[in-house]
Structure formats: structure tokens, C-alpha cells
Amino acid sequence: MRVHPPRPVGPVLPGTGEPAERADAARNRRRLLDAAQELVRDHGVDALTMDALAKRAGVGKGTVFRRFGNRTGLMYALLDHSETQAQQAFIFGPPPLGPGAPPVERLVAFGRARLLDLEVAGELHRAAELGSSEDHFSSRPYLVLKTHVTMLLRDAGTPGDLGLLADSLLAGLGAALVLHQLRAQGYTREQIGDSWEALVRRVAGRAEQ
């Protein structure tokens, strides 16, 4: 059976792309979003404005507005871009994050990759989580992550209600909590990753022993 790449996540807003989008338009959109990611990594999410993106990408401001509509559209498009890249990595990428490694090792790699993403673009993820819990936990981005974690728990032979376990594990990777641990509590990403690994091995690794 042929496996198709995951569809983009998040609401369909200006800048998120559509199936009928021309190849050159899709390339230009990705170029703008890559430049937006660089801005966030270098200067934080507050520095991401339409003017700043136009300057970084070397295009006119009108091009950015036509592509994304406004800054909110740009934010959703960038979050969609980030989530799609993450999905490609853990569904199609090399092990241990992608297929080919034992499920517990993939879970460990998944958490560490997620923490790296949050360290770079955590404010974007935190903003997306600030809506109602019903919207967040039923959103496509969250459900994709939950499905992936649930699948790996099942493959590891983990006992219990796997949906609840997946929710509990993902709670430890919530953007608001991770940013608080990094900024207010002074933990490093490596320390949080080590804690994630210990939790995963305690929950899912028992079945492999």
C-alpha cells in the first residue's frame, strides 16, 4: 500500500497552501516561511512582522501581505509549516526519530525533537495552545501527535489505556510548561529531555524488559 505524506495541519488560512497551488507559488511560500523561521530563531516571535519578513526574504511588503493576509495569517501559516516539517521527520525521516528504530527509542527521540522545536519556536506553539482546551485537544496538530505517540506505545506493548497515557506524556511537552521550565525554573533543554526519556522508559519500557 502506498503511503502518502501527511497533509498540512491547522486551519486553512491565507498562506497555508492548498492542493491546487502552483509549484512555483508553493516554493515561494516555503521560502517566505523558512525566512520567518529564521527570524523567530534569531530574534524571537515578537520580531516577526510583515515588514521584517519582507526585508529578510528580500521581497516587497505587498508580496507578504498578498501571501498571508495579515500577521495572524502569517503566524498560523508558520505554525502549520513547523508542524508539517515535524510530521515529515517522525513519519518519514531516518531513525531513531523515524521508522526503523525500536518504539521506545522513537518515543525518546520524538520528545527530544519536540523540545528542540519548542526551544526555537515555543511562543508560536504556546499561542496556539491559548485557545479553548476543546479546540486545542481536538485540533489536527494535537491529534497527529497523539496518534503517533499512541501508536508507539502500542508497538512497545505498553499496558493500560494508551490514549490516556499519550495525553499524559504529551502534557509534559506542552509549550507553556516547557517555556516555564526553561525560562523561570532554569532547566536546560537537555535536562528536560532526560526527564522525558526517564518517564518514557518507565511507562513504555517495562514491556520490553
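Arg-189 and Glu-190 form a salt bridge, with their closest N and O atoms 3.6 Å apart. The term salt bridge stands for a side-chain nitrogen of Lys or Arg within 4 Å of a carboxyl oxygen of Asp or Glu. There is also a network in which salt bridges with shared partners join Glu-105, Arg-112, Asp-194, Glu-197 and Arg-201.

## What you are looking at

This is a predicted model, in which local features need pLDDT of at least 70 and side-chain atom pairs count only at pLDDT 80 or more, while totals for chains, interfaces and linings use all residues. Residues are numbered from 1 along each chain as its sequence is written, and side-chain values use heavy atoms, leaving out hydrogens and water.

## The chain as a whole

How many helices and strands are there in the chain? The chain has 10 helices and zero strands, so named because helices (H or I, at least four residues) and strands (E, at least two) are DSSP runs, numbered from the N terminus.

Of the 209 residues, 42% count as buried. The chain exposes about 11300 Å², and carbon and sulfur atoms supply 54% of that area (by the Shrake-Rupley method with a 1.4 Å probe; for residues, only the protein chains shown count as cover). Now look at contacts, meaning heavy atoms within 4.5 Å. Among contacts in the chain with a separation of 6 or more, 65% come from residues 24 or more positions apart.

By the salt-bridge rule, the count comes to 10. In one of them, the side chains of Arg-56 and Glu-38 meet at 3.3 Å, N to O. Arg-56 lies in helix H2 (residues 50–57) and Glu-38 in helix H1 (residues 23–43), so this pair ties together parts that are 18 residues apart in sequence. Arg-56 is partly exposed at 32% relative accessibility, and Glu-38 is partly exposed at 38%.

Another salt bridge links Glu-83 and Arg-114, whose closest N and O atoms are 3.0 Å apart. Here Glu-83 lies in helix H4 (residues 71–92) and Arg-114 in helix H5 (residues 103–129), so the pair ties together parts 31 residues apart in sequence. Are these residues buried or exposed? Glu-83 and Arg-114 are both buried.

## Where H7 meets H8

The axes of helix H7 (residues 140–155) and helix H8 (residues 162–171) come within 9 Å and cross at roughly 120°. Such axes are lines fitted to C-alpha atoms, for helices over the stretch in contact, and the angles run from 0 to 180 degrees between N-to-C directions.

Which residues meet here? From H7 they include Tyr-142, Leu-145 and Val-149, and from H8 they include Leu-165, Ala-166 and Leu-169. By class, the contact of H7 with H8 has nine nonpolar, two polar and three charged residues (Ala, Val, Leu, Ile, Met, Phe, Trp, Tyr, Cys and Pro count as nonpolar, Asp, Glu, Lys and Arg as charged, and the others, Gly among them, as polar).

## A stop at Gln-181

Gln-181 sits in helix H9 (residues 175–183) and counts as buried, at 16% relative accessibility. Leaving aside residues up to four places away in sequence, Gln-181 touches Gly-186, Tyr-187 and Ile-192. The C-alpha atoms of Gln-181 and Gln-191, 10 residues apart along the chain, are separated by 9.9 Å.

Conventions: Buried means under 20% relative accessible area, exposed over 50%, partly exposed in between (1.4 Å probe, protein chains only).
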